[in-house]
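Please look over the secondary-structure report below, which goes from a pair of helices to a sheet and then to a single helix.

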2 protein chains.
Amino acid sequence: MACQQANTRMATVNAVTLMKRIDSIHQWRFSVPSGPGAKLTDVAALARVSVGTVSNVLNRPDQVSFDKRSRVLAAIDELGFVRNESARSLRSGSTRSLGMLVLDVRNPFFTDVAMGAENVAEDHKHSLILANSAEDAGREQAYLDLFEQQRVQGVLITPYGQVLQRLERMRDRGIPSVLVDRLASTDQFCSVSVDDVAGGATALEHLVSVGSVRPAFVGGPFTLQQVEDRYRGAADAAARAGVPLQLFETPDLKFERGRQVGDLMGNLQPDKRPDAVFAANDQLALGLLQSFAANGLRVPEDIAIVGFDDIDFASQSSIPLTSISQPRQLIGERAAQLLFDEIDDEPGHVHSQVVFTPELVARQSTRRR
Amino acid sequence: MACQQANTRMATVNAVTLMKRIDSIHQWRFSVPSGPGAKLTDVAALARVSVGTVSNVLNRPDQVSFDKRSRVLAAIDELGFVRNESARSLRSGSTRSLGMLVLDVRNPFFTDVAMGAENVAEDHKHSLILANSAEDAGREQAYLDLFEQQRVQGVLITPYGQVLQRLERMRDRGIPSVLVDRLASTDQFCSVSVDDVAGGATALEHLVSVGSVRPAFVGGPFTLQQVEDRYRGAADAAARAGVPLQLFETPDLKFERGRQVGDLMGNLQPDKRPDAVFAANDQLALGLLQSFAANGLRVPEDIAIVGFDDIDFASQSSIPLTSISQPRQLIGERAAQLLFDEIDDEPGHVHSQVVFTPELVARQSTRRR
DNA sequence: GTTCATGGATGAATCGATTCAATACAAATT
DNA sequence: AATTTGTATTGAATCGATTCATCCATGAAC
């Protein structure tokens, strides 16, 4: 009884589906195709094959005979079928996407890293969802929520707030992450970072090698690990070289701060004034440069400058800026590779910390006097 | 017979579901929660309510009594339930996302526009998927495919290749789009753009007003509508002012080209050399600036420069650069608003073309001599 | 005491793909 | 001729949420 009813209903459903198909073909032929697009069953009906075969054409085309495959492809084309990704990933249990959460999309450093990651993701037929925490713990959490809801396969993140615990929980539930531009403090994660201490040392050694005897460090806040490390590297190198290192601490790393510090230095007695500056990033360095230009200090003759990051504009400044260059794209690529390693779960996956050593790019701002 | 079998199978399924539920609670209580997360039915069971109620708590919390609502929320918390967005949007037929396709994520112009759009999207509880066509027609198509598969609610796009027809088709199937930084040539789309002709005119009038009598335009290729328009605006303004306008055409708008053109100008006789340059964008302008600095030409004394876009680095150059500023963030916001208008289909939606007039930001590079 | 209205709650049906056990069929082997 | 092997194909069950027709309980109105 109930059974009969079920059968009846089934027949009804089929009839409706068929109608819809004919209808949609009709529309396509004679007018503008519109409304909700065709679905897989429509394609199957038009190509006179089963839904399983259509799915195979989409996912394992080489397992389908030439005849049916081409019929299916023709039907797909005819109907303008576009597979519904929500349905795909609901059933298959796997989205084809990674989430990436950076501190500032407007910072070219991160967009470069993202491009590197995107390239690798593309090779794996995944897409990269790029999000911007904008150095805001709330947004950071919100985007992690989003990533979890979207069931991304993995996350690339430059953490801002306290998220490590959460990331561990996510990993335990099947969403691994890789820390970018941060050395993992635990062995719970892979990370890709840059040896800022070495970078700081390189910068300062370079200044000494071009003749500086009164170098200074400009940067802050020291709560940023990067700043701390770069300073420490520079301080150690200064000690080794037997020169003092003056410190100008700033509340942030923005251009404006650089200009302010520059103005400050410009007002010092020439013999008190540093003869070279190592700025914790290029923004600061450009600020210094602008200030010096405005105050009639010559770079590098009166004062040399080295920055950090080697952003495009370092080389594009009127006086091209010496800087410490990080392999940005490579960082992104490597991070994505590590992430895929963990996703594909080569069972013996061990978390590894990749540390790149940044390189000096010498330009006019530190030319030997 | 078959009917009986069906019933039996159903019972089996229920038993399995129950087992799984108990199992997952068990795991939570006594060990690390892991494996596939809890689902909505688990929450319903733990809170002793129906699945419909849980769904209501998630989507229409005010329609649920306080008692059950808090039980559900407690269960969600206890199980660490995260709603599966694929399932949500499959059933509801609507994703909560927009796609945005730009020509170059590394260009601060586009990241600013994107941030504006993102803010509006956030207000509408949507997320913005940012993709980079990188001025590659293939990638552009591929990302549009992706957007269609993901069933985004709408698309913000700065078209590169021939995509208008495709966008029309998408719109007819329920995915509208808004053109960004492009004036829609048809009335089929909304668009948000900037009046480049006016911008070009402004730039040239400014140069004349600070005393230029031999201005030049640098930029290309003229197949880019932007370049064409900026040049035309400048040329018209020059004609009106009764000064000639020299043209230096470039194959692209990159920094390096600016430097090359700058070197070229540096080699001209001082009385043949332009006394002011309008560069089609800031990258070119910075290239010119660097070249002039290297060749000992003083800016603005020997030659004034005005750029276009007012990127951050325009003001951060050693000699701060006068530029034509576009309301980038506003462009993104407005575009997203128009898109939501069309998505929410206020039935009388008419496509509108928003055109912002760019503004001159005068800085040192055009200071009156 | 009965009817009606209403806000809350329920749960089977549903969205559109993929999966996989079952089957059909051809070719190879015994 | 019978059996095995292997490949191509099928279609019902499934993923995890939302939807919505239905039901329930409570109180107001008659």
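At what angle do the axes of helix α6 and helix α14 of chain A cross?

## Basis of the model

This is a predicted model, in which local features need pLDDT of at least 70 and side-chain atom pairs count only at pLDDT 80 or more, while totals for chains, interfaces and linings use all residues. Residues are numbered from 1 along each chain as its sequence is written, chains are lettered from A and ligands numbered from 1 in the order in which they are written, and side-chain values use heavy atoms, leaving out hydrogens and water.

## The helix pair in chain A

The axes of α6(A) (residues 108-123) and α14(A) (residues 328-343) cross at roughly 45 degrees and come within 7 Å, the axes being lines fitted to C-alpha atoms over the stretch in contact, with angles from 0 to 180 degrees between N-to-C directions. The two helices are therefore oblique to each other, since angles under 35 degrees count as roughly parallel, over 145 as roughly antiparallel, 65 to 115 as roughly perpendicular and the rest as oblique.

## The sheet in chain A

Six strands of chain A, in the order β7-β6-β8-β9-β10-β12, form an open sheet with mixed pairing, where strands (E, at least two residues) are DSSP runs, as are helices (H or I, at least four), and two strands pair if DSSP finds at least two bridges between them. Because β7 (246-249) and β12 (359-361) each have a single partner strand, one side of each is left without a neighbour in the sheet.

Strand β10(A) (residues 322-325) runs antiparallel to β12(A), joined to it by three bridges, and A:Ser323 has A:Val361 as its bridge partner.

## Helix α6 of chain B

Of the 16 residues of α6(B), 13 are buried, meaning under 20% relative accessible area (1.4 Å probe, protein chains only). Just after this helix, B:Lys125 takes a positive phi of about 60 degrees.

Terms used: Buried means under 20% relative accessible area, exposed over 50%, partly exposed in between (1.4 Å probe, protein chains only).
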